[in-house]
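Please look at how charged side chains pair up in the protein shown here. The report below takes a few of these pairs in turn.

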Amino acid sequence: MAEYIANNYPEVDLHGIGRWHSTSSQDNLSAIRSRITCHECDLLDYSSTLNALEKSKPDVIFHLAAHANVRASFQTPLTVLNNNIMGTANLFEAIRSAKQSPIFQLCSTSEVYGQVGPADIPIQENTPLRPSSPYAVSKVAQDLLGYSYFVAYQLPVIRTRMFAYLNPRRTDLFATSFARQVARIECGLQEELLHGNLDSVRTIIDVRDAMRAYWDAALYCTPGEAYNIGGQTVMKVGEFLDLLKSLAKTKIPSRVDPALLRPSDVTLQIPSTEKFEKATGWVAEYSFKDSVSFLLDYWRVQVAKELPLQKAI
């Protein structure tokens, strides 16, 4: 998100929050680090949250902070619930205490809809929320907190519910995990690809299109409303894996790893994005083929760094 804004809107003054031990976020920001004022802040710490707001005085907030690994949320549910719900509550209360009223883009997820049936397809914004994981419960709470602060305090909260997207740097996403493993097998660093449930149906867009959608939501969407964001390419997770195998430079053996299976899974996620597209005029710019190539090429470069020098040469 920060990269998208820095590269497309150089006149925008960018602020972000981070924690001293968040090394991955620092690595991700390396290309634009000089463009960002980063505040030491933990959203579970009210005083640091209030301090960051008072220093930055934001016009717009993109709230993406969350523990976002669905499978891991079954193993550490209380941590995920506390982090995602109380961190968001602290942020809203700090905004209220600071007497600020920034446009607040609350980035939620399709996981809030839970398991839906064919009659609910395509998923509308008024589809009942039936979360089926601790992570999804925490995102429902964030979503409803946003709505309540809009109603009670007139905070201009826009809620976006993002469906699946391809993001090379989110290694816990199924597509990214597959691409990384394909690249490792190509280089002889791994023998077989491990996967979980392959029968889930998803729509997929490129992370770069997703970040532009978040920006457009802040500009054009109506506070108090919720909007689905997603792609038009529909496929099973297994079909995506087959596609990556077809693009590989060598044969890719694969098998189910029981540890990667969730206690409950969301298996049918096809959204209606008409409301969002009508509000913003947003359309995807990257083709599915471009997005898959972007993902796999990224991980081929990253995996090459793992090779012994003589093998890399």
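## Overview

The structure is a predicted model, and a search of the whole of it finds 16 salt bridges. Side chains of opposite charge can pair when their charged atoms come close.

In helix α5, which covers residues 77-97, R96 and E93 lie three residues apart, about one turn of the helix, and they form a salt bridge whose closest N and O atoms are 3.0 Å apart. R96 counts as partly exposed because its relative accessibility is 38%, and E93, at 24%, also counts as partly exposed.

Helix α8, residues 207-220, holds D209 and R212, which are three residues apart and therefore separated by about one helical turn. These two residues form a salt bridge as well, with the closest N and O atoms 2.9 Å apart. D209 counts as buried because its relative accessibility is 0%, while R212, with a relative accessible area of 12%, is buried too.

## A network with shared partners

Salt bridges that share partners also join D143, R159 and R161 into one network.

The side chains of R262 and E111 meet in a salt bridge, at 3.8 Å from N to O. This pair links distant parts of the chain, 151 residues apart, with R262 in the loop between β11 and β12 and E111 in the loop between β4 and α6. R262 counts as partly exposed at 29% relative accessibility, whereas E111 counts as buried at 8%.

Terms used:
Residues are numbered from 1 along each chain as its sequence is written. This is a predicted model: local features need pLDDT of at least 70, side-chain atom pairs count only at pLDDT 80 or more; totals for chains, interfaces and linings use all residues. Side-chain values use heavy atoms; hydrogens and water are left out. A salt bridge is a side-chain nitrogen of Lys or Arg within 4 Å of a carboxyl oxygen of Asp or Glu. Helices (H or I, at least four residues) and strands (E, at least two) are DSSP runs, numbered from the N terminus. Buried means under 20% relative accessible area, exposed over 50%, partly exposed in between (1.4 Å probe, protein chains only).
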